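Dear colleague,

I am passing on the structure we talked about, with the sequence alongside. Please find it just below, followed by my notes on what turned up in it.

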Amino acid sequence: MAADGRSWGPLVGAVDQGTSSTRFLIFASNSAELLTYHQTEIHSVLPKEGWVEQDPMEILASVYECIEKAVANTRDLGIDVNDIKAIGITNQRETTVVWDKYTGEPLHNAIVWLDLRTAETVNRLIDSTPRKNKEHLKPLCGLPLATYFSAVKLRWLLDNSEKVALAVREGRAMFGTVDSWLLWNLTGGVKGGVHVTDVTNASRTMLLNIHTQQWDANLCKFFSLPMTILPEIRSSSEIYGYMVQGALKGLPISGCLGDQSAALVGQCCFTRGSAKNTYGTGCFLLYNTGTEPIPSEHGLLTTIAYKLGKDKPTFYALEGSVAIAGECVKWLRDNLGIIQKSSDIEALAATVTDTAGTHFVPAFSGLFAPYWESDARGIICGLTQFSTKAHIARAALEAVCFQTCEILEAMNKDSRIPLESLQVDGGMTQNNLLMQLQADLLGIQVVRPAMPETTALGVAMAAGAAEGVGVWSLDPADLTSITTDTFTPALSQDERDSRYGKWKYAVQKAMKWEGHTHKEPDSKPTDTVVKSLPAGIFIFTSAALLLVTTLCQR
């Protein structure tokens, strides 16, 4: 019971370990209300261009910190901590961790999902297929050969880190995505921690057979990876183990979902044909296809949506993944300095009524769905002397929207049932201008929940519903109705088509940049950046960055 006399009933905690931050949130299972949370930033290490790493020990420490401080908040609110009955974990997917099972020490920094170092590994693997086809493995795992997925990151580590390779040869190595790393440590680590993952995270490795929902010997053989280092695969809602230390010692950890699957559950997308789009570091649209996997013919991924119990059916999804969404705004803040806080972009972009023909394709990590082109690079094009930092800011927001348009276009073709509205969530959805632009450019309503923490809510639901916990009912009749805000399109179809066509043209200009050189005779190196490009286009090299930075002072 809280200090105000209100009884919240059973509570469930959720670890939300994302690319840029870690949070621990506490929900009331009877009402799905968020009671309190604590958040801490996660730092990324950028050793080389295109490389993105994180320290697994920092990730683990951030989880402990967030749990302790959120529990302290709960006590300050007069709520009995004993009312917390279970914990769930949702996490950034694909990010790869390898550690020593005897010492518990990471053998390398975690390689983050948007890291590009594996491009050569991917090309070599593609060349090894009978038809040099990046979709060679899709019938088994639902995924194309791309830098995005865990298996190629693990292959790179074995090829390039003697420390990792030696530990594998000596039988000391454990592999996992971030959920496995956290579960192993929180349940005991070297003193009996469980080495497990759930089906949603496993489906992002390229090693899971999406039909059998087990590790596949043929897939492991293709990548030359030993199956002995892989975690055990479990459902998304069951008791995996118990907390061994801290304020919540002894509490069951009973929910595990990759972050995008968690958001699908949190949005209550339990029926075939329901979909959601999450706007975070990247942008991820998932479409529930029911209990049968549907292969995509238009550049989407076939993935596992959730399996909410050992004996429950597995649901699948089509997914469109965009590497750069909120990260684009962060780049404008940190690299160009045109805004002081990420939230400032809405006000800046609103000072102009359009982009004045400016388009921004933020292909910092290549292009994900529907292109899967790792050699694409970011460009800003359509610049004139009239262009200002406000136009670039608005073009950045439109880039997020246009990338979603491309995914939805592919999804409508694959599903043959066009969406009539789009449910959205994630930190960027608090930007009202972005949401209105999205509705305008899609031509359908965009529906935003009033409570934006649907990712954490989804895994709390899974944890609370687990057998042996049973404090959260997932029966549709028992689910709390969601209060929403709706954004309605206000753009003509002709204008929508015209702007989308220009975006597609800009995307083509971003293709095939990596490895491409064009130097005019007798030109200086700094001149080459500008002279080798069509008018008004900037590729993100250091010289061009200086030019754009100068422009952004306006």
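Arg117, for its part, lies over the face of Trp156, at 4.8 Å from the ring centre.

The count of aromatic pairs comes to 19. Among them is the pair of Trp99 and Trp184, whose ring centres are 5.6 Å apart and whose planes stand at 50 degrees, so that the pair is tilted. Because Trp99 lies in strand β6 (residues 96-100) and Trp184 in helix α6, this pair ties together parts that are 85 residues apart in sequence. Trp99 is buried, at 0% relative accessibility, and Trp184 is buried as well, with a relative accessible area of 3%.

Turning to the sheet, 6 strands form an open arrangement with mixed pairing, in the order β3-β2-β1-β5-β14-β13. β3 (34-41) and β13 (237-242) stand at the edges with a single partner strand each, so one side of each is left without a neighbour in the sheet. From one strand to the next, the twist averages 25 degrees. Strands β5 (residues 84-91) and β14 (residues 252-258) run parallel and are joined by 5 bridges, and Gly88 stands opposite Gly255 in β14. Helix α1 (residues 56-76) packs on the sheet, where it touches β1 (11-17), β2 (21-28) and β3, and its direction makes about 145 degrees with that of β3. Helix α6 (residues 178-186) also packs on the sheet, touching β1, β5, β13 and β14, with its direction at about 145 degrees to that of β5.

Finally, a word on confidence: the mean pLDDT of the chain is 91, and 92% of its residues reach 70 or more. Over residues 518-537, however, pLDDT stays under 50, and the model has 22 contacts there beyond four places in sequence. Residues 540-547 are likewise below 50, with 16 contacts beyond near neighbours in sequence. Where pLDDT is low, the predicted coordinates should not be read in detail.

Notes
Residues are numbered from 1 along each chain as its sequence is written. This is a predicted model: local features need pLDDT of at least 70, side-chain atom pairs count only at pLDDT 80 or more; totals for chains, interfaces and linings use all residues. Side-chain values use heavy atoms; hydrogens and water are left out. Two strands pair if DSSP finds at least two bridges between them. Helices (H or I, at least four residues) and strands (E, at least two) are DSSP runs, numbered from the N terminus. Axes are lines fitted to C-alpha atoms, for helices over the stretch in contact, and angles run from 0 to 180 degrees between N-to-C directions. Contact means heavy atoms within 4.5 Å. pLDDT is the predictor's confidence in each residue, from 0 to 100. Rings of Phe, Tyr and Trp (its six-membered ring) pair if their centres lie within 6.5 Å; planes under 30 degrees apart count as stacked, over 60 as edge-to-face and the rest as tilted. Buried means under 20% relative accessible area, exposed over 50%, partly exposed in between (1.4 Å probe, protein chains only). A charge sits over a ring if NZ of Lys or CZ of Arg is within 6 Å of the ring centre and within 35 degrees of the ring normal.
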